[in-house]
Structure formats: structure tokens, C-alpha cells
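Biologist: I would like to learn how to read a model like this one. Please take me through it feature by feature.

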Amino acid sequence: MTFQPPPPPPGGNPPPPPPPSQWGPAPGGANQQFDPKTVNSLDWVVMGAGVLIFIFSFVSYYTFSYGGLTVSESAWHGFFGWFAMLLALIGSAAVAMEIFAPQVKLPWPNRLVGLAAYAVATLCVVLALFVIPGYLGIDVPSGVDEGHGVGYWISLILIIAGTVISLMRVQQTGTRLPGALGNMPNIGSRGPQGGVGGQNPPPPAP
């Protein structure tokens, strides 16, 4: 036996339909599933760069050599080292938020926040090339050769690459750069999957 709604009263409006069940499917059909293939490959690179930069921050970052003996410290023993790593993580997280949680909006466009974070991270990691902290917090005596290990050089490459790719994606998606930065050459249209929204730009009209 099926339930039939009562007929509307003569001359009146029909009763409103019952509210949908909270356990039923979402309105508009079946739930849409996330497809990784729809994500631009450059976005994956930026997000992956943040993870790798975090990992290599624990690898040999600053080195100290004396008399054939070499010791090292991680990026966490120097302000510019760990701060560059933190900014790169923020930049990658902003891009991930744009991909996986586009409904969450920051005071500025997410991709612009990611680009700004990576740009400042680039400045910090370059400063880390010249500002080397003491070993175990102690000033290094004269005669000790200070340098950088593999962790620093890989982080430097990844952060610079993250900055360039973030700029490409900002331009590809049509995000407006502030002030005079808006006059920068459009390198995004020359990268993989260039054009607005990651699609190829339309051919010019004949």
C-alpha cells in the first residue's frame, strides 16, 4: 500500500511537498566525485614541491667543515631556512585549498596568496645562502669552513620552481596581479596546458 497525499481543498492551493529526508541523496542528482585528471599538472607540481621542501628541511642544510671533518645542521637551526620552508608550505596549501576546497575563500585569491608565499620564500632561501647560523647555537670559530648541504640546494631549486610555476598558474587562470605586477610578461600562456582555466587558448580569428 502506497501513501497518497490528500487532495487539495476545493479552490485552494495544494499542500506543500514533504521535506526531503536528511538521509537521502543530495539534490541535483548523484554526488560528484573528485577526478584527479581534472587537476592541472602544474598544480600537482606546486603541491608536491611543498611536501618535498618540508622533507628536505631535515636533511643536511648548513655544513661546517674543519680538518677533514664535516658536520651539518637542518634548516630548523636558521631563521631564513625554516621560514622559507614554512612559507613554501603555506603557498602549496593555498593551491591545495583552491583545488580541494574552492568554497573556502581567503581575503585574497588563493592562487595569489600561494604566489606571494612562494615569492617571499624565494627571498628567504636566497638570504639563507649568506646568513649561516652557528653550529648548535654556538658561534663558529675562525678556520671552520661554512657551507650548505644537499638539503639547501634542493630546497632552493624547489622554491624557485614553485614561484615560477605559481606565477604561470596565476596568469593561466586569469587571476589579477596587483599594481604594476599586472604588466609582467604572460609566461603562463607558454607553459603546459596554458590559457585560462588550464585550457589551451582559442586560435586567433582569421
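The dialogue below goes from overall layout to helices, salt bridges, cores and surface.

Modeller: Start with the ground rules. This is a predicted model, so residues are numbered from 1 along each chain as its sequence is written, local features need pLDDT of at least 70, side-chain atom pairs count only at pLDDT 80 or more, and totals for chains, interfaces and linings use all residues. Side-chain values use heavy atoms, with hydrogens and water left out.

Biologist: How many helices and strands are there in the protein?

Modeller: Helices (H or I, at least four residues) and strands (E, at least two) are DSSP runs, numbered from the N terminus. Here there are four helices and three strands. Along the sequence they follow the pattern α-β-β-α-α-β-α.

Biologist: What percentage of the residues is buried?

Modeller: Buried means under 20% relative accessible area, exposed over 50%, and partly exposed in between (1.4 Å probe, protein chains only). Of the 206 residues in the protein, 34% are buried. For areas, the method is Shrake-Rupley with a 1.4 Å probe; for residues, only the protein chains shown count as cover. The protein exposes about 13,200 Å², and carbon and sulfur atoms supply 68% of that.

Biologist: And contacts? What share joins residues at least 24 apart?

Modeller: Contact means heavy atoms within 4.5 Å. Take the contacts between residues at least 6 apart in sequence: 64% of them join residues at least 24 apart.

Biologist: How do I check a helix against its expected span?

Modeller: The expected span is 1.5 Å times one less than the number of residues. Helix 2 (residues 79-100) has 22 residues and reaches 31 Å from its first C-alpha to its last, close to the expected 32 Å. Helix 4 has 23 residues and reaches 33 Å, close to the 33 Å expected. Just after helix 4, Gly-174 takes a positive phi of about 80°.

Biologist: Which residues of helix 2 are buried, and what covers them?

Modeller: The buried residues are Gly-81, Ala-84, Met-85, Leu-87, Ala-88, Gly-91, Ser-92, Ala-94, Val-95 and Ile-99. Their cover includes helix 1, strand 1, helix 3 (110-127) and helix 4 (150-172).

Biologist: Now charge. How many salt bridges are counted?

Modeller: A salt bridge is a side-chain nitrogen of Lys or Arg within 4 Å of a carboxyl oxygen of Asp or Glu. The count comes to two. In one, the side chains of Arg-111 and Asp-43 meet at 2.8 Å, N to O. That pair links distant parts of the chain: Arg-111 is in helix 3 and Asp-43 in helix 1, 68 residues apart. In the other, Arg-169 meets Asp-43 at 3.1 Å, N to O. Again distant parts are linked, with Arg-169 in helix 4 and Asp-43 in helix 1, 126 residues apart.

Biologist: Why does Arg-169 count as buried?

Modeller: Because its relative accessibility is 4%. Asp-43 is also buried, because its relative accessible area is 1%. Arg-111 is buried as well.

Biologist: On to the nonpolar interior. What is the general idea?

Modeller: In soluble globular proteins, nonpolar side chains tend to be buried together. A nonpolar core is a set of buried Ala, Val, Leu, Ile, Met, Phe, Trp, Tyr and Cys residues joined through side-chain atoms within 4.5 Å. The largest core here has 28 residues, of which Ile-53, Tyr-118, Val-125 and Ile-159 touch the most other members. Helix 1, strand 1, helix 2, helix 3 and helix 4 each supply at least two residues of this core. A second, separate core of five residues includes Leu-112, Leu-167, Val-170 and Leu-177.

Biologist: Which residues does Tyr-118 touch?

Modeller: Leaving out residues up to four places away in sequence, its contacts include Val-46, Ile-53, Ala-88, Gly-91, Ile-159 and Gly-162.

Biologist: Ala-116 lies in helix 3. Is it buried, partly exposed or exposed?

Modeller: Ala-116 counts as partly exposed, because its relative accessibility is 40%. Its C-alpha is separated by 9.0 Å from that of Leu-87, 29 residues apart along the chain.

Biologist: Last, the surface. Which residues form the nonpolar patch?

Modeller: Patches are made of residues with over 30% relative accessible area and no salt bridge: like charges are joined within 9 Å, nonpolar side chains (Val, Leu, Ile, Met, Phe, Trp, Tyr) within 5 Å. Here Val-51, Leu-52, Phe-54, Ile-55, Phe-58, Trp-76 and Leu-89 form one, with about 620 Å² of accessible area together. Helix 1 (residues 41-56) gives the most, with four residues. Phe-58 lies in the loop between helix 1 and strand 1 (62-66).
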